[in-house]
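Trainee: Could we go through the charged side chains of this model together?

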Amino acid sequence: MTQFSGPAARYADLARRLRHDPFVVQTLRSTVAATLSYVVALWLSSEPAPLTAPLTALLVVQVTLYSTLTTSLRRVNSVVVGVLIAIGFSAIVGLSWWSLALVILASLVVGRFVKVEEFIPEVAISAMLVLGVTQVAHTAWDRVLETLIGAVVGLLFNLLLAPPVWVDTAGDSIEDLARRMRRLLLDVAEEFAGAPPVERAAARLHEARRLDNDVADVDAALRTAEDSLRFNPRVKEGLLHRIMLRTGLDTLEICAVVLRVLARSVTDLAKARSGESLLPVPTALVLQETAQHTADAFVSYAVLVTAPDSGAADAAETRLAAELRAARGRRAHAAELLLASALREPGHWQLYGALLAEFDRVLDELDPEHRGRRLMEELDRHARERRERRRRRRLAPWSGRARAER
């Protein structure tokens with residue numbers, strides 16, 4: 001029994017990750033929805049191969065309920081327009097290389113005028129796909145019926161089987177980002193006590209720049225999570241969850257920028273030192289301790305903003321407060337030592353001051369009080385926007401009546 005615990009644990013972990021992978025979930029949902037729409041179309045349509053129905057279902061079913069509801073109308077419009085264009089061309093000229101070119105051109109031009117916005121290419125895609133199978137369709141109404149069947153099945157599929165809430169996936173991404181930032185800060189801090197070559201310090205700087213790509217990946221996961229919270233019946237406090245995650249990522253993004261500046265300062269200091277130790281050993285050790293507490297604060301902050309309940313949030317906030325206090329204490333000691341170094345070497349005082357300023361900015365961004373202020377500001381902004389939308393809706397009939405009277 002024991003010898004199988006290792007592989008069994010790996011398989012269980014793989015299954016868990018697959019269940020929480022948006023690509024895997026979306027693939028299965030799209031497959032099921034398209035198949036159901038084809039079965040329904042076989043029952044309701046007179047066509048022997050109603051492929052337009054699963055085509056539309058594939059286009060309509062999205063990874064979140066919000067994106068399905070907000071894009072379905074434009075997607076259906078794009079598919080219907082493409083279907084009508086393809087059937088019109090096939091009835092006149094049939095399928096050939098030049099008729100295909102005309103279909104694509106006409107679809108892209110017409111798509112611009114029917115206001116399908118980002119789904120203009122899908123007008124041409126739908127037209128091309130339908131043009132290839134239009135020999136088995138006798139009327140345009142059959143294709144339009146199939147399109148509506150696919151759209152309805154796709155919408156009902158997401159309404160009756162609500163898509164997952166991707167908060168956990170986004171939370172894991174935020175925590176992974178915080179751990180990468182922690183590792184980078186510790187790597188940069190290792191250079192304080194030595195005499196790193198400029199090339200190695202520059203490599204740390206390039207690594208810090210790559211954090212931008214990591215932030216972009218987390219931002220994409222967070223947008224999916226935000227959409228999954230909208231219109232989802234399983235979520236009662238969707239707005240608060242969205243704001244907490246978004247402000248948390250914004251804070252880490254700012255800290256990532258500061259890390260890049262810190263790596264730049266270390267690189268400049270390595271150039272100025274020309275192979276000598278960057279800092280005296282006592283000063284370097286105190287700064288490394290500051291970096292250790294600050295790096296641990298990254299992870300505690302990420303756990304705080306992604307905590308699933310108040311108990312976990314309280315524990316994370318307690319750890320974060322302790323790490324920030326320790327970091328500030330060591331930072332104050334480092335400031336005294338750096339001041340003494342600056343008095344001995346006035347030419348480097350700007351770089352020493354930059355190191356302290358960068359630690360100060362990170363510690364300020366991670367402060368729970370700063371986070372509380374940002375949360376309140378975001379909640380107030382959303383409340384103002386909601387009131388403004390309601391006011392515009394109330395005034396819309398009166399403004400339309402006034403224009404009509406003029």
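Mentor: The discussion below turns to salt bridges and then to a charged patch.

Mentor: This is a predicted model, in which local features need pLDDT of at least 70, side-chain atom pairs count only at pLDDT 80 or more, and totals for chains, interfaces and linings use all residues. Residues are numbered from 1 along each chain as its sequence is written, and side-chain values use heavy atoms, with hydrogens and water left out.

Trainee: How many salt bridges does the structure hold?

Mentor: There are 15 salt bridges, each defined as a side-chain nitrogen of Lys or Arg within 4 Å of a carboxyl oxygen of Asp or Glu.

Trainee: Which residue forms a salt bridge with Asp296?

Mentor: Arg182 does, with the closest N and O atoms 2.8 Å apart. Asp296 belongs to helix α12 (residues 281-305) and Arg182 to helix α8 (residues 167-190), 114 residues apart. Helices are DSSP runs (H or I, at least four residues), numbered from the N terminus.

Trainee: And what about Glu289?

Mentor: Glu289 pairs with Arg330 at 2.7 Å between the closest N and O atoms.

Trainee: Changing topic, is Arg394 buried or exposed?

Mentor: Arg394 counts as exposed because its relative accessibility is 55%; buried means under 20% relative accessible area, exposed over 50%, and partly exposed in between (1.4 Å probe, protein chains only). Arg394 sits in helix α15 (residues 368-405) and contributes to a positive surface patch whose members include Arg384 and Arg393. Such patches consist of residues with over 30% relative accessible area and no salt bridge, like charges being joined within 9 Å and nonpolar side chains (Val, Leu, Ile, Met, Phe, Trp, Tyr) within 5 Å.

Notes
Areas by Shrake-Rupley, 256 points an atom, 1.4 Å probe, with all protein chains shown as cover. Lys, Arg positive; Asp, Glu negative; His and termini not counted. Charge placed at Lys NZ, Arg CZ, Asp CG, Glu CD. Helix = DSSP H or I, 4+ residues; strand = E, 2+ residues; numbered from the N terminus.
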